[in-house]
Amino acid sequence: MPELPEVEALKDFLAEHLVGHEIVRVLPVAISVLKTYDPPPTALEGHEVVAVHRYGKFLDVETDGGLHFVTHLARAGWLHWKDRLPDGPPRPGKGPLALRVALETGEGFDLTEAGTQKRLAVYVVTDPQSVPGVARLGPDPLADDFDEQRFAELLKDERRQLKGALRDQTLIAGVGNAYSDEILHAAKMSPFKLAASLTPAETHTLYTALRTTLLDAIERSRGVAAGRLKAEKKSGLRVHGRTGQPCPVCGDTIREVSFSDSSLQYCPTCQTGGKPLADRRMSRLLK
C-alpha cells in the first residue's frame, strides 16, 4: 500500500505535470472505483488543475471550477503517468485499469488496481473534508505544528500497542504497515509495547524515529518518476518485507508475526531484547 512518503512523492509529481493543464476527459472503467456520483466525474472536464494536495494517504487534484478529484489508492492501487495516452476510450474488462484522466496535451494518467478486493476509491467533491476518510484523519506527522508535545498528548492515554497506534489513521495520518515497522525498528522498540507506557525519553525517541523515517523516505523518493516509486520504497526498507534476512544494524535474523490479513517484521536484538515474539496465530504474544 502506498503510504505517506510515496503519496507525497506522487503529489509533487502530479503538481509538476498537471497544474496549469486542462482536464479534457475523465473515463471510469470500473464503476466500483467511483464513491460519489453528484457531481459526476465528467464535471471535471474543461477545468484547469490549479493545485495538488495530500491528506494522509489521499491525493487531491484541485481544479479552477472548485471541484476536487480525490483518490485513495488502497492496498493494491497505483497511478501510472502516460506521456501519450492510447487513442480511443479504454474498454471495460477484467484488467486492472479502473479510471483514466486525459489532459489537453494528450498526456494523462491511469488508476489501476490489482487483485479482486477493489478498494481503490475516487471522489469528486467540492470540499475534500466531505470525503469520510479525509474527515476522520488525525494530524499529519510532518505538519509544522506536529511537535513532540502534541505527539505525547496523542499517546498518553492510548492503551493499544505501538504498532496498532501508529497505523491508526484517525490518530496519525499517513503511516501504514510498512513504515510503522520501519519507525519502530529505528526507535528500537517492540511493536507490542503499550503506547501509554512510554516514558518521556522513549516518547522523544519514537517521535524522532517517526519524523526521520518519513523524511528520509520522502527524500529518497524526491524526483523519482511515478512508475519507479514502488521499487524505491522497497529498496529503502530495513525490516519490513525482509523476513529471514539479516538486520542491517546488528545482523540478527529479521522475524515476522502474521495476522489474518497482514504481517509485521522486526529485529529481536534491536527491538525485543533478543526474544522472538510469538505468532498470534499460534499462541499468546510474548511481552
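Contact here means heavy atoms within 4.5 Å. The model is predicted. By that contact criterion, the buried residues of α5 pack against α1 (4-18), α4 (162-167), α6, α7 (229-236), β10 (263-266) and α8 (268-271). Helix α6 (residues 200-221) also packs with α3 (residues 148-155) and with α1. This briefing covers those helix pairs, then selected residues in strands and loops.

**Helix α5: burial**

- Helix α5 spans residues 177-187. It is mostly covered, with ten of its eleven residues buried.
- The buried set is N177, A178, Y179, S180, D181, E182, I183, L184, H185 and A187.
- K188 follows α5. The phi of K188 is positive, near 60 degrees.

**α5 against α6**

- The two axes come within 8 Å and cross at roughly 125 degrees. Angles of 65 to 115 degrees count as roughly perpendicular, and those over 145 as roughly antiparallel. The pair α5 and α6 is therefore oblique.
- α5 passes α6 in a right-handed crossing.
- From α5, the contact uses Y179, E182, I183, L184, A186 and A187. From α6, it uses T205, L206, A209, L210, T213, L214, A217 and R220.
- By class, the contact residues of α5 and α6 are ten nonpolar, two polar and two charged.
- An α-helix has 3.6 residues a turn, so residues three or four places apart point the same way.

**α3 against α6**

- Helices α3 and α6 pack at about 115 degrees, with their axes 10 Å apart. That angle makes α3 roughly perpendicular to α6.
- The crossing of α3 past α6 is right-handed.
- α3 contributes E148, F151, A152 and L155 to the contact. α6 contributes P200, T203, H204, L206, Y207 and L210.
- Seven of the residues in the contact of α3 with α6 are nonpolar, two are polar and one is charged.
- L206 of α6 takes part in the contact with α3 and in the contact with α5.

**α1 against α6**

- Helices α1 and α6 pack at an angle of about 40 degrees, with axes 9 Å apart. This makes α1 oblique to α6.
- The crossing of α1 and α6 is right-handed.
- L4, P5, E8 and A9 of α1 meet L214, A217, I218 and S221 of α6.
- The contact of α1 with α6 comprises six nonpolar residues, one polar and one charged.

**H68 in strand β4**

- H68 is found in β4, residues 68-72. Its relative accessibility is 8%, so H68 counts as buried.
- The side chains of H68 and D60 make a polar contact at 3.0 Å.
- Leaving aside residues up to four places away in sequence, H68 touches D60, V61, E62, Y123, V124, V125, T126, D127 and P128.

**G174 between α4 and α5**

- G174 lies in the loop between α4 and α5. With a relative accessible area of 0%, G174 is buried.
- Beyond residues up to four places away in sequence, G174 touches E3, L4, G56, K57 and Q169.
- G174 and V249 are 75 residues apart in sequence. Their C-alpha atoms are 26 Å apart in space.

**Backbone features in loops**

- A cis peptide bond joins D38 and P39, with omega about 5 degrees. P39 is found in the loop between β1 (22-28) and β2 (47-55).
- A74 is not a glycine, yet has a positive phi of about 55 degrees. A74 lies in the loop between β4 and β5 (77-82). Its relative accessible area is 7%, so A74 is buried.
- K118, also not a glycine, has a positive phi of about 55 degrees. K118 sits in the loop between β7 (108-113) and β8 (121-125). K118 is partly exposed, with a relative accessible area of 34%.

How values were computed
Residues numbered from 1 in each chain as written. Predicted model: local features only at pLDDT ≥ 70, side-chain atom pairs only at ≥ 80, totals over all residues. Heavy atoms only, no water. Axes fitted to C-alpha atoms, helices over the stretch in contact; angles between N-to-C directions. Helix = DSSP H or I, 4+ residues; strand = E, 2+ residues; numbered from the N terminus. Parallel < 35°, antiparallel > 145°, perpendicular 65-115°, else oblique. Left-handed = near helix turned anticlockwise from the far one by under 90°. Nonpolar A, V, L, I, M, F, W, Y, C, P; charged D, E, K, R; others polar. Buried < 20%, exposed > 50% of the residue type's maximum accessible area, 1.4 Å probe, protein only. Polar contact = N/O pair within 3.5 Å; in protein donor to acceptor, adjacent residues only side chain to side chain.
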